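Hi,

Here is the structure I promised to pass on. Have a look at it first, and my notes follow below.

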Protein chains: 2
Amino acid sequence: MTAELISVGTELLMGNIVNSNTQFLAEKCALLGFDMYYQVTVGDNYGRMKAVIETALERSDLIILTGGLGPTEDDLTKEVCAEAMGMELVEDPHTRKHLEAFFVNNIYKEIPDNNWKMAAVPKGALVLDNHNGMAPGLILERDNKTAILLPGPPGELYPMFNDQVFPWLQKRQQSVLVSRMVKICGCGESQVEDMILDLIDSQTNPTIATYAKTAEVHLRITARAGDREQAEALIEPVLEEISRRFKEKIYTTDEKVSLEMAVVELLKKHKLTMSTAESCTGGMVAAKLVNVSGVSQVFMQGMVTYSNEAKMRLLGVKEETLRAYGAVSAQTAAEIAAGGAAMSRTDVCVAITGLAGPDGGTDKKPVGLVYMACCLKGKVTVQEYHFKGNRDKIREQSMMKALDLVRLCILEQGDC
Amino acid sequence: MTAELISVGTELLMGNIVNSNTQFLAEKCALLGFDMYYQVTVGDNYGRMKAVIETALERSDLIILTGGLGPTEDDLTKEVCAEAMGMELVEDPHTRKHLEAFFVNNIYKEIPDNNWKMAAVPKGALVLDNHNGMAPGLILERDNKTAILLPGPPGELYPMFNDQVFPWLQKRQQSVLVSRMVKICGCGESQVEDMILDLIDSQTNPTIATYAKTAEVHLRITARAGDREQAEALIEPVLEEISRRFKEKIYTTDEKVSLEMAVVELLKKHKLTMSTAESCTGGMVAAKLVNVSGVSQVFMQGMVTYSNEAKMRLLGVKEETLRAYGAVSAQTAAEIAAGGAAMSRTDVCVAITGLAGPDGGTDKKPVGLVYMACCLKGKVTVQEYHFKGNRDKIREQSMMKALDLVRLCILEQGDC
């Protein structure tokens, strides 16, 4: 089946916002096994939108439209789509009630008349309730062609797609798609691909897709089968083989788990408390950890010691060490980690000190040189990295590698 | 003039990456005053790409294509575009030399044969040197239609567009476009629009466009004139009027300056040192500040005190205060700011304590309640906010508001 995405909105054509909806939907369509050849963005203009929809209905089996479902005169998507598919608009009592409830819950003083426009739906359409906004989603079917109309705001689109559209599409596929995500830290994308080239080449079901992220590579293993159990059975041996090859470099096989969540889980499991002592990352590792809800059980405090004076006073780094080796050195990183753990009375402290640039690099210590150290119950492990890219990239890679260092240290000696 | 964007790439159709190039180019086209009605994404397929390009050349004056210029067989953009415009490919000696230099500089052991494909250009095309990669950009003109072909990687596309394509397009416009960005913190988008509705409605040259960001609104004032001086003269009175209306809420009129850069500049100007003490933002404010190159002159240290114990030990918050008012309270925020400044021996300390959720909210203290305090040379200013949105959104808004609080406090009493 071929799917095509149509985004409606002037703010996209003007470059005011990035089209993240399209990426979201494209990834889901790929996951569902649809072929996608075209994505189109068009404005709220009757003639141009109609031409785009007609072309899409000719060349694709399924079209998914986002945006232009609201209450204003500019919002035309439903009207144009209904006309292109030869369906008339009728008022839907269920949607009218849903809108009334929305207005009551959101304490509207008066309901603007034009809002009732949203209660009109193409006759015979499947209505998708919008639990996070006003305009409902719609599924229109005619002559083996399907149009799915969804609201533009991501906060309405994402849950509506995940909870209502995805299961509907999957059911229609008459087969079940199951996918597992393998998240790998510590290998580049080409290295990962090299290590599983034989698997990728020999597999058609399940398929394996790679996604490069900052300092991570994600592998998605997707199987199609008659039911979930069969699909799982197809995935299992491939997942086992991949686990065998990447071992501890895999930090999770759960799509919803991020690296910082994996680290927090490990800390909880081993009943360890943690602190951070950052220089060039300036609090990014702490901020990432604090992004995990419930982190307060294990994360005690973070320190950003940007000046040498703060490194000495807050973390007990020796002046001789700074003078002999400099702030960006393995020796200083080790002292920061040990001092940070002692000072904050935590089992673990991770330290980062490096040159994120653009200035401050020398021949001996170029921009991109970053040392990180992890102190776990007194044992300090130090790593040296030479990152490429601009200031942002260097800092982001440092943050991820620091989190991974904590993970690897706990795995190695967490139960000591 | 109408412009259309065509993105070429399977990774876009599969949803592996978000199409940020399109936003970048759309914003530039809007700035140049072009009308844009369509944006299309298509894969590396000869027939489909040709149809898309032919349609675009029919309905738009200028088409800008990104991606598909590389050395592999999949890369077809140049070949298809040349055919659609009836131009033949010839080897360009200048580009061949450029490629040879690239291989030498990047220490290629051997140059794969297919790389020379990139030296072929449509006869009569304007060649744009790629200073950050291999494939050159191309400008093709025929029968009042223009096609601009650009490499897909943002690191190659952005500088090539800014340095070579934008000036070329601007020159062709036979007029100069000058724009100024006004960045406002402390008003929502609709409030900003209300305050300048009369200006937006009455202006055609310059135009005013608003862009909503997290806790900020940006206004772009764009004037078109015969030369830069005339354009500046058109902008000046509008800029003055806007400055009069928003006063200190405007933190910069320089496009390149971010809120954290404005804060660092103010600190430098007033010779003030600063520290941060964060709870729910967990280091985000520190990380944002450290993103400013050269911040080490003014930013001394950051503390992330997630546990109450750390708040007491590191910042001297009184146990009675925590017991009487709780960690999330105006009183605690004030003590953190004052204690943080004393402890880190800085002129300024900004403190944030709040409930970012999703758990931990109560009727009296709901999720989204955030207190921030700024201590400047002993004087403490406290603010209370009720933010909406998920954990990420609450934390991001808190970070921005905290930076703005520092800015406003310095403006008010920086020279005291």
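A salt bridge here is a side-chain nitrogen of Lys or Arg within 4 Å of a carboxyl oxygen of Asp or Glu. By that rule there are 2 salt bridges across the interface of chain A and chain B; one of them joins R345(A) to E309(B), with the closest N and O atoms 4.0 Å apart.

Before going on: this is a predicted model, where local features need pLDDT of at least 70 and side-chain atom pairs count only at pLDDT 80 or more, while totals for chains, interfaces and linings use all residues. Residues are numbered from 1 along each chain as its sequence is written, chains are lettered from A and ligands numbered from 1 in the order in which they are written, and side-chain values use heavy atoms, leaving out hydrogens and water.

Back to the interface. Chain A puts 60 residues into the contact and chain B 61 (contact means heavy atoms within 4.5 Å). Together the chains bury about 4,600 Å², with 52% of that on carbon and sulfur atoms; this is the accessible area (1.4 Å probe) lost when the two parts are put together, summed over both.

How do the copies relate? The same surface serves both, as 100% of the contact residues of chain A recur in chain B.

Cheers
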